[in-house]
Amino acid sequence: MKVVGYLLQLRVNDVARGGEVLTRASVIPQKTREPVRFELTEPTRVAVAAWIAKAGLTSGRYLFPSR
């Protein structure tokens, strides 16, 4: 599994809803079309929430946009 590829494709709405970072999320990779489920630990949720706020990201935007 190429974790970096999944991370780069994540969008804000994949991991957060209504301003809250989810405890569990899933994405569907283009190649396999099979859902990949993962859990976000408390420290990860705090960091992701801080990143979303600092970067001013909104739903639908890439979580880690390129420059």
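Reader: How many residues does H3 have, and how far does H3 reach from its first C-alpha to its last?

Author: H3 has 14 residues and reaches 20 Å, close to the 20 Å expected at 1.5 Å a residue. Bear in mind that this is a predicted model.

Reader: Noted. Which residues of H3 are buried?

Author: Arg 45, Val 48 and Ile 52. Down the axis of H3, these buried residues fall within an arc of 65 degrees, so they line one face of the helix.

Reader: Why would residues three or four places apart point the same way?

Author: Because an α-helix has 3.6 residues a turn.

Reader: And which exposed residues does the face of H3 turned away from the buried side carry?

Author: Pro 43, Ala 53 and Lys 54 are the exposed residues there.

Reader: What covers the buried residues of H3?

Author: The cover includes H2, strand E1 (16-17) and strand E2 (20-21).

Reader: Zoom in on Ile 52. What does Ile 52 touch, not counting residues up to four places away in sequence?

Author: Val 12, Ala 16, Leu 57 and Leu 63. Ile 52 also belongs to the largest nonpolar core.

Reader: How many residues has that largest nonpolar core?

Author: It has 11 residues, among them Leu 10, Val 15, Val 21, Val 27, Val 36 and Val 48. H2 and H3 each supply at least two residues of this core. In soluble globular proteins, nonpolar side chains tend to be buried together.

Reader: Step back a bit. How do the elements run from the N terminus on?

Author: The order is α-α-β-β-β-β-α. That is 3 helices and 4 strands. The chain has 67 residues, and buried residues make up 22% of them.

Reader: Of the contacts with a separation of 6 or more, what share is between residues 24 or more positions apart?

Author: Those account for 42%.

Reader: New topic, aromatics. How many aromatic pairs come out?

Author: The count comes to 1 aromatic pair. Trp 51 and Phe 64 are stacked, 6.5 Å centre to centre, with 20 degrees between the planes.

Reader: Where in the chain are the two partners?

Author: Trp 51 is in helix H3 (residues 42-55), and Phe 64 is in the segment after H3. They are 13 residues apart, so the pair links distant parts of the chain.

Reader: Is Trp 51 buried, partly exposed or exposed?

Author: Trp 51 counts as partly exposed because its relative accessibility is 33%, between the 20% and 50% cut-offs. Phe 64 is partly exposed as well, at 36%.

Reader: What about Asp 14, where is it found?

Author: Asp 14 is in helix H2 (residues 12-15). Its relative accessible area is 22%, so Asp 14 is partly exposed. Beyond its neighbours within four places in sequence, Asp 14 is in contact with Gln 9, Leu 22, Ala 25 and Val 27.

Reader: And how far apart are Asp 14 and Gly 60?

Author: They are 46 residues apart in sequence, and 8.3 Å apart in space, C-alpha to C-alpha.

Reader: Last one, backbone. Which residue has a positive phi although it is not a glycine?

Author: Arg 33, with a phi of about 60 degrees. Arg 33 lies in the loop between strand E3 (24-27) and strand E4 (36-39). At 58% relative accessibility, Arg 33 counts as exposed.

Reader: What about the phi just after H3?

Author: Gly 56 is there, with a positive phi of about 65 degrees.

Conventions: Residues are numbered from 1 along each chain as its sequence is written. This is a predicted model: local features need pLDDT of at least 70, side-chain atom pairs count only at pLDDT 80 or more; totals for chains, interfaces and linings use all residues. Side-chain values use heavy atoms; hydrogens and water are left out. Rings of Phe, Tyr and Trp (its six-membered ring) pair if their centres lie within 6.5 Å; planes under 30 degrees apart count as stacked, over 60 as edge-to-face and the rest as tilted. Buried means under 20% relative accessible area, exposed over 50%, partly exposed in between (1.4 Å probe, protein chains only). Contact means heavy atoms within 4.5 Å. The expected span of a helix is 1.5 Å times one less than its number of residues. The arc is that of the directions from the helix axis to the C-beta atoms. A nonpolar core is a set of buried Ala, Val, Leu, Ile, Met, Phe, Trp, Tyr and Cys residues joined through side-chain atoms within 4.5 Å.
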